[in-house]
Amino acid sequence: MKILNLGSLNIDFVYQMDDFVRPGETKLSEELNLFCGGKGLNQSIAASRAGCEVFHGGLVGVDGGMLIEKLQENGVSTDLIIPSPGRCGNAIIQVNSKGENCIILYGGTNRMLDKSDVDRIFDGFGSEGAVLLQNEVNLLPYIIEQAHTRGLPIFLNAAPMDERVLECPLDKLDWLMINEVEGRQIAGCENDSDIIPILRERYPGLNILLTLGSRGAACLYNGERHSIEACRVPVTDTTAAGDTFNGYFMACLLEGRHIAECLQMATVAASICVGREGAADSVPLRSEVEAIIASGEICVPNPVMML
Ligand SMILES: Nc1ncnc2c1ncn2[C@@H]1O[C@H](COP(=O)(O)OP(=O)(O)O)[C@@H](O)[C@H]1O
Ligand SMILES: [Mg+2]
C-alpha cells in the first residue's frame, strides 16, 4: 500500500560536553556525531521497514544530502521531496557527562512549505493510498484539508504536541495517533483513562491509537475499544518506540489485517526497537518481526476487546 508521509527531515548534531555551555562562555567539545532525524524521517523509515511503499514529501535544504541518502537506503522514495535554497531543520544537542542534554531546535525547511509546494506534492502522489502526518511541518491544517478533499485517508501522529495541533480540523482525520502525554493535552484531562472517552465524544467517528509506553496501547476502531499490554523485554533506549509502533500499526491496517493482528505486530516491533540504541536505526525490519513472532522468543500479549 502506498503512503505519502508529508513530514520533517532533521540533522541532529550531538556534542559531547563535560558540562553545558553557560552565558558568555566558549567551551570545547571532544566529540561530535551527526544523525539523521526528525519525526517525519523516522516514521517514513518505520513504515517502509514495516512493508509500506513510502513516498516522503516535503522540502529539503542545501545541506540535506545525507537525509536523502538515508531515506533511499531504507527503500523510501524521495521523488516528492522538493529542493529548497534554505537549510534543513536541525537540532544542536549538548550531552553532558551525566548524560543529560539540552537542545536547540531549528525548523529550517520543515517550516518553509508554501501552499503551492503542498499542492505539487499531492498532485505527484495521486489519488491512491494514505497520508501520514506529524506536527513538525508548517501548514498542517491546509495539508489535512488537501488530503481530505482528495479522498485520501489521513493518519496524524500529534507529536510533538503543541497548540498548533488544536488548530487542525481533527474531524477530517481517519486516525489520530497519540501517546498518553499528547492524549491528555488534546483531551484536556488528567487521567489516561479519560482520553479516549473524551475524544470519542468530541470527534465522533475518529479512530484513535493511544500508546502508553511500558503499559502497552489502546485503540478505538469503528467505535470498538481494544487494548494490548507491552511485551516484557529488557529496555536499552525507548527512542522511536512510538514511531515504530505507529509505522507497523499503519502498515498492517492498510494491508487489511484484523485490528488485533495490527496491535500485536506493532507491539512486537516496538519491543525490538526498545532493546536497541538509536532512533530510525532501531526500527526492526518486517522479516525480523515475523521471525520473532514465529519463534515465540518474545511472549506476545493478546489484545483484549473492551466494552
Ligand atoms: N519499556 C517498554 N517496554 C516494552 N515495550 C515498550 C516500552 N516502552 C514502549 N514500549 C512499546 O512501544 C510503544 C510505544 O511507546 P510510547 O512510549 O507509548 O511511544 P512514544 O515514543 O510516542 O512516547 C508502546 O505501546 C509499547 O508497545
Ligand atoms: Mg512514551
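These are my notebook entries on a predicted model.

**Entry 1, the sheet.** I began with the strand order. The model has an open sheet of 10 strands, and I read its order as S5-S4-S1-S8-S9-S10-S11-S12-S13-S14. The pairing is mixed. I then looked up the edges, which are strand S5 (77-83) and strand S14 (304-306). Each of these has a single partner strand, so one side of each is left without a neighbour in the sheet. From one strand to the next, the twist averages 20 degrees.

I listed 19 residues around ligand 1. Those that come nearest are Thr211, Ala230, Ala241, Gly242 and Ala270. Sorted by class, the shell has 10 nonpolar and nine polar residues, and I found no charged residues in it. Helix H8 (241-254) and helix H9 (259-273) each supply at least two residues of this shell.

I checked the length of H8 next. At 1.5 Å a residue, its 14 residues should span 20 Å. The end C-alpha atoms of H8 are 20 Å apart, which agrees with that expectation. For burial, I counted 14 of the 14 residues of H8 as buried, so the helix is largely enclosed by the rest of the structure. Just after H8, I noted a positive phi of about 85 degrees at Gly256.

Is Val62 buried or exposed? I found 12 C-beta neighbours inside 10 Å, and a residue with 12 or fewer is exposed, so Val62 counts as exposed. Val62 is found in the loop between strand S4 (53-60) and helix H2 (65-73). Which residues is Val62 in contact with, leaving aside its neighbours within four places in sequence? I found Pro85 and Arg87. I also looked up the separation of Val62 from Ser214, which is 152 residues apart from it along the chain. Their C-alpha atoms are separated by 39 Å.

Technical notes: Residues numbered from 1 in each chain as written. Chains lettered and ligands numbered in written order. Predicted model: local features only at pLDDT ≥ 70, side-chain atom pairs only at ≥ 80, totals over all residues. Pairing = 2+ DSSP bridges. Helix = DSSP H or I, 4+ residues; strand = E, 2+ residues; numbered from the N terminus. Axes fitted to C-alpha atoms, helices over the stretch in contact; angles between N-to-C directions. Near = placed C-beta within 6 Å. Nonpolar A, V, L, I, M, F, W, Y, C, P; charged D, E, K, R; others polar. Buried ≥ 20, exposed ≤ 12 C-beta atoms within 10 Å, placed from the backbone. Contact = placed C-beta atoms within 7 Å. Expected span 1.5 Å × (residues − 1).
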